[in-house]
Amino acid sequence: MDQTPFTRPVSTASATGGERFSQAPTVFVDAASESAAAAAAAATTAASAAANDLQPPTALANRASTAFGDGSPSNLSVADSSQPLANNLPYRNSVAPTAIGSAQHLGDSDKEAAASDAPRGTSPFPDLGAGAANEQGDASNGKRKRLFLILGGVAALIIVAAAVAVPVAITQTKKSSSGSSSASSSTGPDNTGSGQNDNPTSSGPTGAVTGGDGSIITTEKGTTFTYVNKLGGTWYDDPKDPYNNNARAQSTSPPLSQEWDYQNDPMRGVNLGGWLVPEPFIVPALFEPYLNATPPAQDEWTLSLAMAADAANGGLDQLEKHYDTFITEQDFAEIAGAGLNWIRLPIPYWAIEKYPDEPFLEKVAWKYVLKAFKWARKYGLRINLDLHTIPGSQNGYNHSGKGGAGGQVNFLYGPMGLANAQRALDYIRIITEFISQPEYAPVVPMFGIINEVLAATVGVEQTTSFYLEVHDMMREITGRGQGKGPFISIHDSFRGLAAWKDLLPGHDRIALDVHPYLIFVNVDRSSLAEQIQKPCRSWAADMNNSWTDFGVSMAGEFSLAINDCGQWINGVGAGTRWEGTFGTGDGTRGDCTEWNDWQSWTQQRKDDFRAFALRNFDALGHWFFWTWKIGESSVTGKVETPMWSYKLGLEQGWIPADPSEAVGTCGNTSPATPLRPEMYGAAGTGEISAAVKAQFPWPPTTINPGLRPDNVRAYTATGAIPTLPVPTGASPTVDGWFDAADTRPIYTPIAGCTYPDAWDSATGSNPGPCDGSGGNDIATTAVAAPTTTDDTTETTTTDDSEATTTDEALRRRARR
C-alpha cells in the first residue's frame, strides 16, 4: 500500500502553539479505488446478471413473533416488573412502546413489531435527537440529489430500480474552526446517503452497489464470496460515494445513517481481539516459533524483538502479514450475518507512533484500522474503538504491549507514571480528532479510551483524575451534547460497576464497561449444566442497576469459559487453575483435555453451551463477546481455546445463529429503568462542577507510590502533532483532524533530559524533575522523541456451585 503526501502547507508546531501539522498527512491507497474504472466498464456487460443480485432482500419483514412470540419481553430481565415507560425519551414518531409493564431498557421486540409497518430501510421511530435532526432534515430537502445510472437498455433500468431503493441517508458537513458542526438527513428513495454522488458505480463484477442475502461480494484482492445474511441485513459499497451510510447489519438494527438509540437498540457485538494487538492465546501460531528466543515471546514486546531478529522469515513484516490475513472483509460480512451489530476493535497506540526504544511495528496497524472502518460501513456495523495499549502499561498484562509474569504498571505509577500518562492523553486526542470527522462519526460512535486500568495499583483518585482530563479534552474537541463526538467508554478498573455509579456527575456521554469472566479467581468444578444459570444470577441485576444508576453500561468482554482450560489462557507457559498448575489452585488436579478437544464434544455439551450463551447474552444486555476468532496452533493444527471463539461456536452450533433468541431467558427480573436524558447527552449536559474538578485535579495530587507530580520526570508540550493518514480518494474535507482550533503541540521529552525506562521503572528510584538545564539530570537511558518525517515510504501488502455463584458476580478478566 503506497503512502503519498497530502498536498497542503505544513509547519512545525512550537511550544506556544501555532499550526499543528508536523508533516503532510499521508493517504493510504486502496486497491478498490485503483480498480474502480475497470469495474465500471465491466458493469455494462454484467448488467443482466446484476439484476438478480440487486433484488431487494426477502428477509426484511418483522421477526418478533417468530423469534420471541407475541407479547414478548422487551429485553433482558425487564418485562415481569411493572415499570414506567420511558416517557421522557423522544420515541420515534412519538410512538411509545406497547409492551405493557415493560421498562424499556432496549425495547427490542416492540421496535421489531413497529418495523413491520415501516417501508424498507426506514424506521418507524426518529433518532434520539429528533428535534434537531428534523429541523436539519427540512433544510436539506432541497439539496437531495437523484440517483440515476444511465447505462441504457432494460437491464440497466433494473439496476437503477434497485439502486434508488436504498433507504435513509445523511449528509454532514465538516466542523468549522469555531467548533460548530452541522448535519442534515433525509429519507427517501432519491437520496444516496451522502448526498455527493449522482452516478454510483461499483468495484464488483456486476456493478452492484448494494445487496442482501445471496449476493456476491468481490474483495479488493479480487476474490469473491457469497454474502449470507438471513436476518435482513444489506450491504452498500459505492466507490463514488465512499461515505454512504445506508447499510444495515440486520433489518432490526438501524442503518448507520441513523444515530444509535441506546435505549432501544441492543448492542450485540464481538471483539476483534488478537488482530491488531496480538495475544498468545488468540494467535498462538505467531508466538510458537519464538518460545526459545531470548527472551521468549510472551507479549508483543518480546514477540517484536524475536521477529525483528528473524530476518530470514520476514522480520517484523510478519506482523503485517498477520494483520492482512487473520481478519478480512469476509469476517465483517459474517459478523453482520451472525446477528451482531457492533464490533469492539482493540488497537495499539503504535498505530500512531512509537518511541525509538520501543520494538513495536510502527504505524502499519493504522492501515488496517482504516480497512475496519471501511468494511464496517459497508456491512452496517458500528465500531467501539478501544485503545488497548498504553505507554508503560496500564495493568502489567501481556495485552497492554509488555507484561505477563513480572509485568509492571508504569502508567500513572512510579517515576515515569506522569510522562506515560501525558503520552496517552495525546494518543487519545489524535484518535478523537480522526473519528470525530463527520465522515467517520457514524461508524465509530464509541471510543474506549484505555483498556483495563489496574486501579488497585494506579489508585482510584488518580484514575478518576485521568478520566476527567480525557473527558474535558475530548469534549473541547467535539463539542458537548448528543451527536457531538463519540460516547466515551471507560472500564470499571476491576472494581465492579456499582463503584462508579457517581462518577463525574454532569459528564457528557460516558459509558461504563465491565469484563465479567467467571474463571480468573475461583475454580468451580460443578458441571456445565449446573452453571448455565450463573450469568442470570450473577450479572443481570448488576448490569440493570448500573443502567439505572449511571446510564449506558455494557460488557466489553466476556466468554463462554467456565474454567481456565485452553492454551495460554493465563499466559505463555503459565499453566491452569483447573489442572492445579497455576497459582495456589483448590488442591485438585483436573484434566483440560475434555474442554479443549471441542471436536469430541457431544451434542448435549454443545446444547448446554448454547443455553449458557443465551443466558450470558440476556443477562448482559449490551455486550461484546471476547473474541470473534481464535487462530489455530501451528503445533496441533486446531483451535486450542474453543470456549473463547464466537466464530467456531457458530460453525459448531454451540452459539446461536441469531443472538436475539436470548431475550427473556433470564426470567425477566431486576428490571432497569429508562435512561434519563442527561445519560445520552441531552441539552445542558457535559458541564462538570468546579467542586468535582477540584477534587480530581490534573495532574493528580499524588502519583503512586507516594510521589508528587512536580517531583517526577515529565514531558513538555512542544512536539509536532502526528496526523493520522486518510485513505486514498478521501473527500477533501477528510484530513484526519476534526477541530482546526486544536493546535496544542504534543508532549515530548525535554531536550537535555534523560529519563528512566518508561516500561521498567515502577520499582526504581525517583530521579526527580528535569528542566533540561543539566544541573538536575541523572545518568539513565536517554529517551529521544520520535522522529517525524515526511513519510512517503512504500509499504507492500499481500492478499487479503450455586453456593459460590454470588461470590463470583462480575468476575473481571486479568488475562495473564
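Let me start with one side chain. The backbone nitrogen of Tyr397 lies 2.9 Å from a polar atom of the side chain of Asn395. The backbone oxygen of Glu452 sits 3.0 Å from a polar atom of that Asn395 side chain. A polar contact here is a pair of N or O atoms within 3.5 Å; within protein, one must be able to donate a hydrogen and the other to accept it, and residues adjacent in sequence count only if both atoms are side-chain atoms.

Before going on, the ground rules. This is a predicted model, where local features need pLDDT of at least 70, side-chain atom pairs count only at pLDDT 80 or more, and totals for chains, interfaces and linings use all residues. Residues are numbered from 1 along each chain as its sequence is written, and side-chain values use heavy atoms, with hydrogens and water left out.

Confidence next. pLDDT is the predictor's confidence in each residue, from 0 to 100. The protein chain averages 77, and 69% of the residues score at least 70. Over residues 30-205 the pLDDT is below 50; this stretch still has 354 contacts in the model beyond near neighbours in sequence. Residues 787-816 are also below 50, with 106 contacts counted beyond near neighbours in sequence. Contact means heavy atoms within 4.5 Å.

Back to Asn395. Its place is in the loop between β11 (382-387) and α13 (417-435). Helices (H or I, at least four residues) and strands (E, at least two) are DSSP runs, numbered from the N terminus. Asn395 counts as buried because its relative accessibility is 3%. Buried means under 20% relative accessible area, exposed over 50%, partly exposed in between (1.4 Å probe, protein chains only). Leaving out residues up to four places away in sequence, Asn395 touches Ser400, Val409, Asn451, Glu452 and Leu454.

At 2% relative accessibility, Asp618 counts as buried. Which backbone nitrogen does the side chain of Asp618 reach at 2.8 Å? That of Cys666. The backbone nitrogen of Gly664 lies 3.4 Å from a polar atom of the Asp618 side chain. Asp618 and Ala540 are 78 residues apart in sequence, yet 7.7 Å apart in space, C-alpha to C-alpha.

Now a helix pair. Two packed helices are described by the angle between their axes and the distance between the axes. Helix α9 (residues 300-308) and helix α10 (residues 317-326) pack at about 120°, with axes 9 Å apart. That makes α9 oblique to α10. Axes are lines fitted to C-alpha atoms, for helices over the stretch in contact, and angles run from 0 to 180 degrees between N-to-C directions. Under 35 degrees is roughly parallel, over 145 roughly antiparallel, 65 to 115 roughly perpendicular, the rest oblique. From α9, Glu300, Leu303, Ser304 and Met307 meet Gln318, Leu319 and Tyr323 of α10.

Last, backbone geometry. A cis peptide bond joins Thr294 and Pro295, with omega about -5°. Pro295 is in the loop between α8 (284-287) and α9. Another cis peptide bond joins Asn704 and Pro705, omega about 5°. Pro705 lies in the loop between α22 (690-695) and β17 (716-719).

Then positive phi. Phe494 is not a glycine, although its phi is about 65°. Phe494 lies in the loop between β13 (487-491) and β14 (510-514), and counts as buried at 18% relative accessibility. Arg509 is found in the loop between β13 and β14. Phi of Arg509 is near 60°. At 2% relative accessibility, Arg509 counts as buried.
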